[in-house]
Every structure is written in structure tokens, then in C-alpha cells.
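Here is a short briefing for a reader who is meeting this structure for the first time. Please look over the sequence and the model before reading on.

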Amino acid sequence: MPQDNNTLRIILPGRLIDGVGEKAQEGMAIAVQGSAIKWVGPASEAESLESKGAQREILNFPSGTLLAGLFDIHTHTNMPGDGRTGEQVNLDDSDEVRLLRSARNTAMAVASGVTTMCDCGSWNRNGFALKEGLAEGVVEGPRVLVSGPPLTVTGGHLWYMGGEADGVDAVRKQVRNLVKQGADFIKVAASGGSTSTSDPYRAAYAVAELTALTEEAHNRNRSVLAHCRCTDAINAALDAGVDAILHCAFYDNDGSYRFDQKTADRLAASEVWLNPTMGLGNANRVRLANLKSERKLTPDEEERLERSTVSGENSLAQFSALVKAGVKLVGGSDCGWSYYPFGDFQGEIMSLHAAGLSPIQAIYAGTRSPAAALGILESIGTVEAGKEADLLVVNGDPSLDLECLRDVAAVFKGGARVPTAKERASLG
Ligand SMILES: [Zn+2]
């Protein structure tokens, strides 16, 4: 339902987490007109707000908490989140089917409270087409920022999406080409990953290539998000001055995990945002544990559970130490990938709390920090007058218990109310 300018909508929540203060505030109200937040202030003053002929509408959520809509910095809308690998989806599906899946995934995301997200890699023109569909209103979903196909070396991670580029000149040209098509940010596979022709434990690009593409992106006011599955790639990404490091896993070239103090110190001293993607591993382990309670796991599943448990422990210990050292974490689920379907970015936010962020800090990592990392904090990410009215109301107080984030009472995108997952389900 588009929000018209003739209505002044006053929202009275039990608590407000505005994204600026250190804690939830009681007795606050906000006013929304058109697509923007018009006013934020004490509920006692809402009554006397000048509506200048506009119709007034009051929305009461006495047991609810109002906060900025969630912002997931790391998703893959083309992917099903059903355990199929990228390579399988490349072989099994056409671009048309993948694009239809994106439409379904974006609808699920916004119904769960995500009002902005980054698509960090989709096939060919799919990401750009999705954006066009959203802008036309033929697809329902959050604001979606897209990278298009990630830059990757020949045969590198995600090569099948169509973004292979080697050498300084080619990566510069590819960045220009993506920006021409409508890329909002640049994603680069700075190490290999699950793609069988790539090596997750080696830096994929030379520092000169990473530096050139970062310079090119920054010159066009685009942030660079670098996928890094090993310590060498993290250091190369730091040398190049990227804006965010995805996964940020401390693996040596031989595939062994080792906490690297020197790299940790560099990360803490830098301004770079780190996206741990710990929720992805958690989702995987929960699925296998549930399966195990129903039936005997196959030897392959047992092995995967064991491997995932070890890497999850390493990851939690690593990010707990990094948080103590003072790094900046940002929330990104990587949903669509592995067994992480769309609709529970909350799981990733909770994993950041497990690594040592307070509940409020974890909420900020899933609202304002992604906006800061993408350079759009002036228009979204907090509940402040003048910003887009991208809002989430949840039942209970998530500053005391983050689980409340999953109990969604209302979602607003650009001032317009969007049906929640629960409301959709009740329609059958
Ligand atoms: Zn990813």
C-alpha cells in the first residue's frame, strides 16, 4: 500500500531503539508522512503535532519496540538456501528460474523485517533485472543494492556468475562495466571459496589488481566488499583499502586454521567492516542436529557436522577476540547460500551478540552499520527525522532479548506498511 502525503501517521511504540542512543527509550513517538520520517519526539508532544490539513492516523504498539528496518549486507537472491552449491545451481537452473527465485526471496526478506539488503553476487544481468522489477513495483521486497557478478579471477570463486577479470586493466574495465549496468557496490572474490576450481586458502588476486579495482570503485563512489576465506586474502584486501571483508576467516595456505595476531592487530587498527557470517554455520548445524534427532546421519553428514562444529568454534573464538580488540562488525547472513534460506537475518544478528556485541550493538550491526559501510547512512539505517521511513516493530524488548527480533509486529518500507511473514501465513 503506497503511503500518501495526505496522511500523518503517528506511531506510538512501547519502546524506541533509534539507532543513535545507547539504549531503548520509553515514551517516544514518531510521525511518518509520505515516505519519510517527519518527526521523532516524546509521545506527549505527538498530540499537538501540526498536521497541516493531513489526515491523522495513530498506530499503537504498547508492548512493541520500534527500530530501523533491518539491513542485511550479504545475501544471494538467486540462490535457494536448500543446500545446493553455486555450481549445482549453475548447471540445474536457467537465469529465468534464478530471477524468479530472487523475486520470491526478496518477498520473504521484507516480510521478515529486512527493509534493505545487498545482493552480493547473482548471475549475469539478474541482479540488475531484479532492481528494475522492484523499482517498477512488479516485485515485492526490500531496497536491494546489487553488485552484479562478483569480480573473480579465471576459474575463481563464483566464476560461473559471469564476472571473470584478470589483470589491472581488466578489473578496472569490469568495475566500469558493472557501474554502467547499475551496480551499487563492487563485490570481489579476493580468495577462492566453495567453487571447485578455486582455492579458498589462497589469495586470488594480486594486491595491484585489488588496489586498482578498489580505486576505480571509490572513484565512482562505490564501496568494495571482499570475500576472504584466508589470512593472505584478508591482508591483500587491507592493503588495497576495501570497505568490508566478508567471512574474514583466518586460514593458512595449507587449509589449517590459525589465529593470526598480526592480522588481528591490522584489522583492529583499520576502519574496515567485518562480516563474520557465523549465522550461516549455525543454520547448517541446527539443520544437521535436527536431522540427527530424527534419523541416523550418513557418514558424509556426520563428517560435515563435525567439520562445521570445529570451524564454528574457531570462528566464534576468533571474532570474540577481534571484538575485544576493537574491530567493527557488520551483519550479513549470506542467505541463499548453503542451508540458509531467506527470512532469518535475525540468526546472524544473534551470532554477533554471541561474539561479544551487546544486544544494542548487535542491532546496530544489522541496521546502521551496513548503511555506513555502503555510504548511505544519511538516508536510512536509523530512526531520525528526515530519513526514509524504513521501520520495524517487534513484540517485546530486543535490547534485553534479541530473540524478540523474530517476533515481527509490523514492517514499513518507505512509509508503506508491508505484510509480515505472520500476516502472509494467516492469509493461507
Ligand atoms: Zn556470499
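The notes below cover a metal site and a pair of packed helices.

This is a predicted model, in which local features need pLDDT of at least 70 and side-chain atom pairs count only at pLDDT 80 or more, while totals for chains, interfaces and linings use all residues. Residues are numbered from 1 along each chain as its sequence is written, and side-chain values use heavy atoms, with hydrogens and water left out.

**Zinc site**

- His74 (NE2), His76 (NE2) and Asp334 (OD) coordinate the zinc ion at 2.0 to 2.4 Å, where donors are N, O and S atoms within 2.8 Å of the metal (3.2 Å for Na, K and Ca), and the site may look incomplete because water is not among the atoms.
- The spacing of these donor residues in sequence is H-x1-H-x257-D.
- His76 lies in the loop between β6 (70–75) and α2 (86–92), and Asp334 in the loop between β13 (328–329) and α11 (346–354), so the pair ties together parts that are 258 residues apart in sequence; helices (H or I, at least four residues) and strands (E, at least two) are DSSP runs, numbered from the N terminus.
- His76 is buried at 3% relative accessibility, and Asp334 is buried with a relative accessible area of 3%, where buried means under 20% relative accessible area, exposed over 50% and partly exposed in between (1.4 Å probe, protein chains only).

**Helix pair**

- Val207, Leu210, Thr211 and Thr214 in α6 meet Ala236, Ala237, Asp239 and Ala240 in α7, with contact meaning heavy atoms within 4.5 Å.
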